[in-house]
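Please open the structure in your viewer and keep the selection tool at hand.

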Amino acid sequence: MHQLRVLCLRRATPATRPSSVLLLSAHRTPPAKAQTRTFVSTFPKNAQSATCTSNRLSGRTCMITGGSSGIGYAIAERFLREGASRVILVGRSFDRLAAAADTLLETSTLTAGEDSSTDDVATRAPEEDRQLGSRYTPPAEPLSPGSLIESSERLHLLVGDVSDAGSWDRELEKAMQPVDILINAAGISNSNILPRTEPSDISQVFRTNLEGALLTSRALVRASIRSRVKTRSAATPSTDARPPSKCIINVSSLLALKAGTGAVPYAASKAGVLGLTRSLAVETAESLKGVFIRSNVIVPGYIETPMIADFTDNQTSKLKDSIPLRRFGRPDEVADAAVFLAQNEYANNCVLNLDGGLSAV
Ligand SMILES: NC(=O)c1ccc[n+]([C@@H]2O[C@H](COP(=O)([O-])OP(=O)(O)OC[C@H]3O[C@@H](n4cnc5c(N)ncnc54)[C@H](OP(=O)(O)O)[C@@H]3O)[C@@H](O)[C@H]2O)c1
């Protein structure tokens, strides 16, 4: 029982899977493997989509929670290639953020519009790509939550635990001042049936996946109100041109919509993210005069990231067989969706499924 619980803490159930597979996997996964964060895509290199970039996010500042790995990392990589003027990565670990930044700074030397094979970069944990001699010196003392590190003009690192963002909300709001696009991709999963799930684990899933997204969204709205007041008092000449709206993009999960066994808290937290997205789309329009914050959500099925890296070959092949497109999605495909939502000025409360058709089964 104890072993099952510990293993499950590191395991992921981001999308629906049959109960037999879920429970079987929990028993079979060796602890050492459950601790690894490596994920190398099995997707053939030549099958990657050629991603065209066209500077669509030129001049925008983005904050990406969960930017040190998987989906958040792929979005950061793509946003830099789309000309974002600044990307702020948020994560709990300085080392993981620094590893991600090292790799991103290498790849972002690509000019916008130039294609790159993002598969090796976006589908495995960035620390795997870290070369000897990171450009970041680890801090001598532990960083206080909300510490902002300006790693380059275009890339900043914000070290902080979003599950505890209430305790560093001032720092968060300050860092949010210039932000136009907020991506809430930080997330954890905890695979276990409910009676075997500890209350503290339930709480941690909610605090990370839902409360974290609520608090970062709150910070963006508060920062926007502040800058609106400043802009007004600066008495700039009025213009009819509407500035580009700000935008929140949340990352939910197919489990929010489709039932699965062994992920009740995760599913509930991700359903909450859909509610957060919907309510915010209306509330900000009513409460923020003259400032528009669009609120959208991506609903992925299985995406090749460290979160699902512990599946056995047998589980993986069964799962792929259940998906109409017979494969998992790639982080860069989720990043495509994020660019669309960030850039399309009419996307508000857009709920974008990316699951290879699994939601239809
Ligand atoms: N992969 C899938 O199949 C799938 C499917 C549906 C939905 N999703 C969702 O997609 C999002 C991204 O997941 P992923 O697959 O990319 O997983 P991942 O590779 O494990 O990345 C998770 C990211 O979240 C960060 N994070 C976790 N807890 C945090 C906290 N308390 N504060 C700040 N950052 C935190 C991690 O950074 P640190 O550990 O360095 O803090 C990491 O960067 C999650 O919300 C997940 O639920 C994934």
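A nonpolar core is a set of buried Ala, Val, Leu, Ile, Met, Phe, Trp, Tyr and Cys residues joined through C-beta atoms within 7 Å. A residue is buried if 20 or more other C-beta atoms, placed from the backbone, lie within 10 Å of its own, exposed if 12 or fewer, and partly exposed in between. The model is predicted: local features need pLDDT of at least 70, side-chain atom pairs count only at pLDDT 80 or more, and totals for chains, interfaces and linings use all residues. Residues are numbered from 1 along each chain as its sequence is written.

Select C62, I64, I75, V87, L89 and A338 first. Of the 80 residues in the largest nonpolar core, these touch the most other members. Helix α8 (residues 199-233) supplies the largest share of this core, 8 residues; helices are DSSP runs of H or I, at least four residues, numbered from the N terminus.

Now centre on L89. Leaving aside residues up to four places away in sequence, L89 touches I64, G67, S68, A76, L97, A100, A101, L157 and L158, where contact requires C-beta atoms, placed from the backbone, within 7 Å.

Next, select helix α4, residues 70-81. Its 12 residues reach 17 Å from first C-alpha to last, close to the expected 16 Å; the expected span is 1.5 Å times one less than the number of residues. Is α4 mostly covered or mostly uncovered? It is mostly covered, with 12 of its 12 residues buried. G83, which follows α4, has a positive phi, near 90 degrees.

Finally, select helix α9, residues 264-287. It has a kink of about 25 degrees centred on L280, the bend being the angle between axes fitted to the seven residues ending there and the seven starting there. Among the buried residues of α9 are Y266, V273 and L280.

How values were computed: Helices (H or I, at least four residues) and strands (E, at least two) are DSSP runs, numbered from the N terminus. Two residues are in contact if their C-beta atoms, placed from the backbone, lie within 7 Å.
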